[in-house]
Amino acid sequence: MTKQLTCDVVVIGAGMVGAACALYAARAGLRVVLVDRGPVAGGTTGSGEGNLLVSDKEPGPELELALLSGRLWSDLAAEPGVGASIEFEAKGGVVVASSGEGLAALGEFAAGQRAAGVDARAVAHADLFELEPQLAPDVAGGVFYPQDRQVMPTLAAAQLVRMARDLGAELRTGRTVTAVLRTPGGAVRGVRTDRGDIHAPYVVNAAGTWGGDLAALAGVRLPVLPRRGFVLVTEPLPRMVRHKVYAADYVADVASRSAALQTSPVVEGTAAGPILIGASRERVGFDRSFSLPVMRALAAGATRLFPFLADVRAMRAYVGFRPYMPDHLPAIGPDPRAPGLFHACGHEGAGIGLAAGTGHLIAQVMSGAAPDMDLAPFRPDRFADSPTEEAS
């Protein structure tokens with residue numbers, strides 16, 4: 001007979017967001033069980049680039065969350081042994097414009113960010129090459145963002161889980177949640193898995209692209225859809241690209257509601273040597289099919305930014321699915337439709353960067369503390385009466 005587990009909070013999903021929720025809940029003194037049907041970082045996290053960005057976010061609640069989360073990531077990285085174990089790099093980001101018109105728009109965007117607390121430094125054409133000597137000579141100018149950082153996502157998720165377990169949290173992988181248990185009055189009382197029940201007054205939905213399916217098990221609606229993206233990985237190289245570098249139109253692609261394929265060049269080096277090349281976005285369900293046109297578009301965009309890449313071999317490509325929400329804001333906080341159910345999903349491509357802040361805020365609310373920022377814009381029930389978008 002399977003032994004029944006009892007705890008204070010069950011976190012569903014052992015990606016970066018779930019790992020952060022487990023860690024901060026454990027630090028708040030709660031007894032935590034972290035559950036995933038696969039391994040740690042087996043979903044979207046394992047297909048990510050590890051970006052901790054403020055540069056791509058316009059003023060508003062997501063940027064506020066990114067600034068909070070960035071501070072928390074820096075605090076975590078400063079703890080003994082953590083920074084090196086997660087390959088934390090405070091390398092900064094460079095956004096470039098290819099025309100005078102584009103540069104003017106980028107400057108206006110950066111001015112709004114500065115007013116919201118972002119360190120965004122305008123960089124003239126000639127000065128760009130001090131930051132990135134290998135850049136194409138025809139770029140018009142750009143903006144440097146010192147607060148952009150990077151981690152190695154699978155290592156970082158594993159480290160957060162390890163830190164949570166050191167505080168008593170339990171990890172249960174290979175367990176599929178089949179139901180969210182509720183009292184006759186509708187309050188959450190745990191989950192049912194294919195290997196037994198786990199009883200708890202709090203359940204956190206950190207299931208990423210499957211967050212909508214998990215919400216449905218609790219009888220509530222959350223319109224999370226998968227948004228596919230590919231990443232090209234080059235052969236290992238000396239540090240030829242010093243920062244995360246991307247074209248200004250990447251910001252517009254992130255904010256787009258379109259289901260059609262969009263690509264914009266994003267190039268960054270890694271501590272291990274390979275260069276990561278993105279970014280593509282399209283809503284095609286969970287289709288993992290290899291796409292040669294996408295690979296060509298990514299390679300072409302990258303070589304426009306960095307001509308030397310034309311002579312560099314691409315060693316592999318991988319695909320992942322970002323948890324897309326119609327208004328591009330994640331669902332964070334308690335769900336009034338199912339007391340005891342918390343959501344921490346729908347971060348799209350920003351989940352790694354926003355994970356620390358999300359976990360911190362969730363833990364504050366569960367432990368009865370006032371959250372460090374207003375969670376109203378992230379209310380899980382804000383889509384209750386709107387139709388679900390369908391992938392084309």
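A: Rings of Phe, Tyr and Trp (its six-membered ring) pair if their centres lie within 6.5 Å; planes under 30 degrees apart count as stacked, over 60 as edge-to-face and the rest as tilted. In general, a pair of aromatic rings is described by the distance of the centres and the angle of the planes. In this structure the search finds four aromatic pairs. This is a predicted model, in which local features need pLDDT of at least 70 and side-chain atom pairs count only at pLDDT 80 or more, while totals for chains, interfaces and linings use all residues. Residues are numbered from 1 along each chain as its sequence is written, and side-chain values use heavy atoms, with hydrogens and water left out.

Q: What is the geometry of the pair formed by Tyr202 and Phe342?

A: Tyr202 and Phe342 are edge-to-face, with 5.5 Å from centre to centre and 90° between the planes. Tyr202 belongs to strand S13 (residues 202-205) and Phe342 to strand S20 (residues 341-345), so the pair links distant parts of the chain, 140 residues apart. Strands here are DSSP runs (E, at least two residues), as helices are (H or I, at least four), numbered from the N terminus. Another aromatic group is the cluster formed by Trp210, Phe286 and Phe321.

Q: How many salt bridges does the model hold?

A: A salt bridge is a side-chain nitrogen of Lys or Arg within 4 Å of a carboxyl oxygen of Asp or Glu. By this rule the count is 17. One of them joins Arg31 to Asp8, with the closest N and O atoms 3.2 Å apart. Arg31 sits in the loop between helix H1 (16-27) and strand S3 (32-36), and Asp8 in the loop between strand S1 (5-6) and strand S2 (9-12); the pair links distant parts of the chain, 23 residues apart. Arg31 is partly exposed, at 47% relative accessibility.

Q: Which parts of the chain does the salt bridge of Asp327 and Arg382 tie together?

A: The side chains of Asp327 and Arg382 meet at 2.8 Å, N to O. Asp327 lies in the loop between strand S18 (314-324) and strand S19 (331-334), and Arg382 in the segment after H10, so the bridge ties together parts that are 55 residues apart in sequence. Asp327 is partly exposed at 31%, and Arg382 is partly exposed at 26%.

Q: Which residue forms a salt bridge with Asp381?

A: Asp381 pairs with Arg379, the closest N and O atoms being 2.6 Å apart. Asp381 is buried, with a relative accessible area of 17%, while Arg379 is partly exposed at 39%. Elsewhere, salt bridges that share partners join Lys91, Lys244 and Glu268 into one network.

Q: How many disulfides are there?

A: A disulfide is a covalent bond between the sulfur atoms of two cysteines. The criterion is a pair of cysteine sulfur atoms within 2.5 Å, and the count comes to zero.

Q: Which residues line the largest cavity?

A: Rolling a probe the size of a water molecule over the atoms shows where empty space is left. On a 1 Å grid over the protein atoms alone, a cavity is a set of points where a 1.4 Å probe fits but cannot get out, and lining residues have an atom within 4 Å of a point. Grid points are joined across faces, edges and corners, and a volume is the space filled by probe spheres set on the points. The whole structure has one cavity of 30 Å³ or more, and the largest cavity holds about 50 Å³. Its lining consists of Leu52, Leu53, Val54, Ala66, Gly70, Gln147, Arg149, Gly353 and Leu354. Helix H2 (61-78) and helix H10 (351-366) each supply at least two residues of that lining.

Technical notes
1 Å grid on protein atoms, 1.4 Å probe; cavity = no way out; pocket = protein on both sides within 12 Å on 5 of 7 lines; lining within 4 Å. Buried < 20%, exposed > 50% of the residue type's maximum accessible area, 1.4 Å probe, protein only.
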